[in-house]
Amino acid sequence: MIQVDLRSSQPIYEQIISQYKYMYLQGYLKKGDPIPSVRKLALQLDVTPGTVAKAYGELERMGMIETVRGRGTFIAQEAEIKRDEGMIVKMKENMRETCMELIYQGMNKEEIMKIVQELLDQLTQEEGGEK
């Protein structure tokens with residue numbers, strides 16, 4: 001289910017967060033679905049429990065997961081990801097740098113917009129239609 005790349009420059013906890021978000025957007029995880037405990041996922045990924053706990057803490061802060069004492073951790077019933085304006089600013093800057101590089105590589109606005117649209121389509125598709 002979750003896989004990490006230990007050679008990646010992206011921190012492991014961020015890889016975990018990103019993969020849970022992706023699985024939720026793709027419909028692999030639905031509201032109320034259980035997810036592995038911190039210890040179980042740490043063993044599966046061969047990482048420290050603290051790394052998984054950091055990812056889970058962030059996911060819980062975002063409103064994506066919830067932990068029920070004695071029962072486990074689940075995709076939140078009210079899995080409404082809370083907007084993080086600081087993260088949005090950071091992502092806009094990343095997109096700016098990416099667009100600048102694509103322009104430098106000779107792409108025009110229409111080509112770049114097509115790439116963005118394709119990526120959005122991939123991330124927001126549901127079985128049988130759009131989200």
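This is a predicted model: local features need pLDDT of at least 70, side-chain atom pairs count only at pLDDT 80 or more; totals for chains, interfaces and linings use all residues.
Let me begin with the aromatic rings, where the count comes to one aromatic pair. That pair is formed by Tyr20 and Tyr56 in an edge-to-face arrangement, with 5.9 Å from centre to centre and 70° between the planes. The two residues are 36 apart and link distant parts of the chain, since Tyr20 belongs to helix H1, residues 12–25, while Tyr56 belongs to helix H3, residues 49–62.

Another tyrosine ring has a charged neighbour: the ring of Tyr13 has the charged end of Lys54 sitting over it, at 4.2 Å from the ring centre.

Turning now to the loop between helix H2, residues 38–45, and helix H3, we find Asp46 there. The backbone at Asp46 deserves a look, as its phi is near 60°, which is a positive value in a residue other than glycine. Is Asp46 buried or exposed? With a relative accessibility of 69%, Asp46 counts as exposed, because the cut-off for that class is over 50%.

Finally, I come to the strands, where E2, residues 65–68, and E3, residues 72–75, run antiparallel and are joined by four bridges. Which residue in E3 is the bridge partner of Ile65? The partner is Ile75. Three residues lie between E2 and E3 in the hairpin that these strands form, and in its turn Gly70 has a positive phi of about 85°.

Conventions:
Residues are numbered from 1 along each chain as its sequence is written. Side-chain values use heavy atoms; hydrogens and water are left out. Rings of Phe, Tyr and Trp (its six-membered ring) pair if their centres lie within 6.5 Å; planes under 30 degrees apart count as stacked, over 60 as edge-to-face and the rest as tilted. A charge sits over a ring if NZ of Lys or CZ of Arg is within 6 Å of the ring centre and within 35 degrees of the ring normal. Buried means under 20% relative accessible area, exposed over 50%, partly exposed in between (1.4 Å probe, protein chains only). Two strands pair if DSSP finds at least two bridges between them.
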